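Dear colleague,

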Amino acid sequence: MKPIEMTLSAWGPYREEETIDFSGFDGNGLFLIAGPTGSGKTTIFDGITFALFGETSGEMRERESLRSDFSKEGTETYVNLLFSHNGKIYKIYRSPKYLRPKKRKTGNDEFVEEKERAKLFLPDDKVIEGPKEVTKKVQELLALDYRQFKQTTMLAQGEFTKLLYASPQDKTKIFREIFGTTMYEKFAKNLKEKTKALNVQKRSLQDKMDEDINHVMLEDDTWRSLSGRDNKPYEQIKNFLEVEKKKLEEKKKEQEADIKKMDILCQKAGEKLEKAKSANEKLLEKEKTEKKLAELLGQKEEMNKKEEAVNSARKAGYVEASYEKWRQQEKALIRTGEKIKTLDGKVKELDETLKELEIIKEKEHFYQIFFEKADLFWEVKTELSEIEKQAIKEEKNLILMQNKYKEKELLVSEKKELYESKDRQRKRAAIGIAASLLEEGKPCPVCGSKSHPQIAKIEEGIISEEELEKLKEEYETENKGLLTIFGETSACKERLEALLERKKNLSDQAEVEEKELCKLIAENTKALEVLEIKKESAREYKELLEPKNLSLSKQIYEKKEKNLKTLENEKLSVMTLLEDSKKELKQDEIRAEKEKKLFEKSLKEQGFLDENDFLKKRLEPKSLEKEIKQMEQYERELHTVSERNKELTGQCKKLEKVDITLLQGEVAREKANRDIALKEKEKLAVLLNTLKQTVLALKEKLIKWEEVQKEYGIVKKLEDVTYGNNKKKLVFEQYVLISYFEEILEAANLRFSKMTGNRFLLERVMEVSDGRIKDNMELAVFDYYTGKSRSVKTLSGGEAFKASLSLSLGLSDVIQRSNGGIRVETLFVDEGFGSLDGESLDQAVKALYSLVENDRMIGIISHVPELRERIPGKIIVEKSSKGSKISY
């Protein structure tokens, strides 16, 4: 990429449009961008990087602060770059985001944000628009991104010596960023993590196999020897367990045959024992049945008495209904009497309460007048307060209107005076115009005189008739406004007077109403006490006139009035209910006597002597039912036991009692032998199952373990290579970076040797004093005058600049080669020449001239005056208080 022409508008220190023509330097190649510090020399390179990538070259320059503080409001901020690339011409327009003043002022926010815009004009007349789209296309064209472009085309101010004096660790960071070798570091880390993961997986498999092996409990010396080793022979263990498994399977078959024989012996002994038990149980049951039968026959007399009681209870059941009717009627009689007593008490209680509230009814007229007058009083007071507020507001308004009228009157007076003054002046001017037309010896058209000794002169500053008419219109307009204000002021005054009159009338009315209310209160203090209001004097009763107290008093009155009516209605209801209850009492007495006679008749019919005899023999339904069930149960049980006794007597004729102790011992011995065999079988089964699972698990895990072990060996070797576990202790990434570093030194020495008259060469220190070579990128300089190497820190300021410049140029060359051999046609060198003497300056310029080959263009950004004499092609940046300008 080679710039042809660039226009900066309202950009940084440049107030207006500034155009830089680079085409004039194409033949010479080397040119100087000169000017004082802060004039905007580096801003030219900023313009190129922003046009191409939308970024500036300096880390401290923000994209949002590119607009010039010197620019005019209407000047647009943008950069236009015309450049050539691979023999084709391209043009880029790009404008940053910035704030500009609004074209129409609204009084709120006076600035509007201009968004970032970009256009790329291609050789085939196609246009690409949009900041991101343009940047993407530029990166495709140049095959460089912003960072790579900056590193290869700009040797920035203050960064010459950064690489020269950087520590090996810092150089590693710098080269890692430039050459993108982070991937090697990540690759090494990934290998380390993979090695660690495989080792963990391998150890995990070993731990699991150890766990499987620990589950096997064999009483065998060979097994204890194999399983007790730290590094267990897993394959040998697996084979040993397979052999043991076959042995146990044969033993299992033998155990199963023995257990079948034991089962037959146990079964025979059990059958013999059960037969003996059955005979003994029947003999015992016969003995118990005979005993139970004797017991039941002994209860026969008691059951007969119980039957007689049940029959009496059944007769009492026939009388029960009439007895209950009589008892219910007696209870109803008692309830009605208690109800009458309760109602009498309620009537007395209501009479006492109504007596307390009689004053509410007596003073009903007072309460009505009092509350009406109190409401009227507060209506007047409320209206009076509102009128006072309106009067104050209207009074302020009147003062404002009067002041406004005075101001307007003064303005009308001035307008009138000006109009009349100009009118008189114009009239006098008419006389002067007529006088200018008089000729000596000819009669005056006004007076006829032929002699004109004193002719009137025309005054200066006479306005035209149109201007005079305009003054008259202004006067008349202002005068009409004055009349309008006068009318409004008069109306305001009338409103104020009406409000003051209304205020006086309301104040008088309020005073009258208050006196009447106070008098009414003083005359009816007892009526107020009913409302729970007690005061020491009539003056204190004035507090009732407060809206809050008045509202509370009205609520109490309405509540008590409502309560009085409720109580009166309640008393009437209670009196009616009392009369009805007395009538009901007489009816209950008649019904009770009737039911008593029916009950006594029923007693005689069922054979009971009297009420006491009936109550003694009657039973509750549940008790009667219980007695009947007991009798029925007795009969059923007596029948069942008798029949079972007959049956057992026939079965037990040939049976004799047997001692089963010996038989139980025989069964226990057979079962014990069988249980021992079953336990041995179960133990063997558990062990056999453990062996099967362990062998199966070991087979599977051994296959996985061998696969992991194989992969681990390969990955571990790669990790050793990448982490410097080799003779030179050199890590993989460092090896790559050192290769780049030595390429840079080789390219740098081509210039450094020329600049120093073949005295110095830059070289990498192969081994530092403490013997470390793992990450060494320490720099030294070889001096041909002494034939020795020394630290670059011993170089003078001028020598250090030459070394730094050579190193930076060498870095630029290597970066170009590492990016696919891209050739950078434009290079900018920013400052750094101030520390050089005359000879060194000539050598540096010659070295830069040597770079101008194959159409390459190099721009030196510097304020050093001596460079202006040595470099003919110049861009001069002139700095002033109104911004910077460009000249050649």
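K286 is buried, at a relative accessible area of 19% (buried means under 20%, exposed over 50% and partly exposed in between, with a 1.4 Å probe and protein chains only). K286 forms a salt bridge with E290, with the closest N and O atoms 2.7 Å apart; a salt bridge here is a side-chain nitrogen of Lys or Arg within 4 Å of a carboxyl oxygen of Asp or Glu. Helices are DSSP runs of H or I with at least four residues, strands are E runs of at least two, and both are numbered from the N terminus.

Please note that this is a predicted model, in which local features need pLDDT of at least 70 and side-chain atom pairs pLDDT 80 or more, while totals for chains, interfaces and linings use all residues. Residues are numbered from 1 along each chain as its sequence is written, and side-chain values use heavy atoms, leaving out hydrogens and water.

The salt-bridge count comes to 24. Among them, E16 pairs with K72 at 3.9 Å between the closest N and O atoms. E16 lies in the loop between strand 1 (2–9) and strand 2 (18–21) and K72 in the loop between helix 1 (41–53) and strand 4 (78–85), so the pair ties together parts 56 residues apart in sequence. In helix 12 (residues 465–523), D508 and K504 are four residues apart and meet in a salt bridge of 3.4 Å, N to O.

Kind regards
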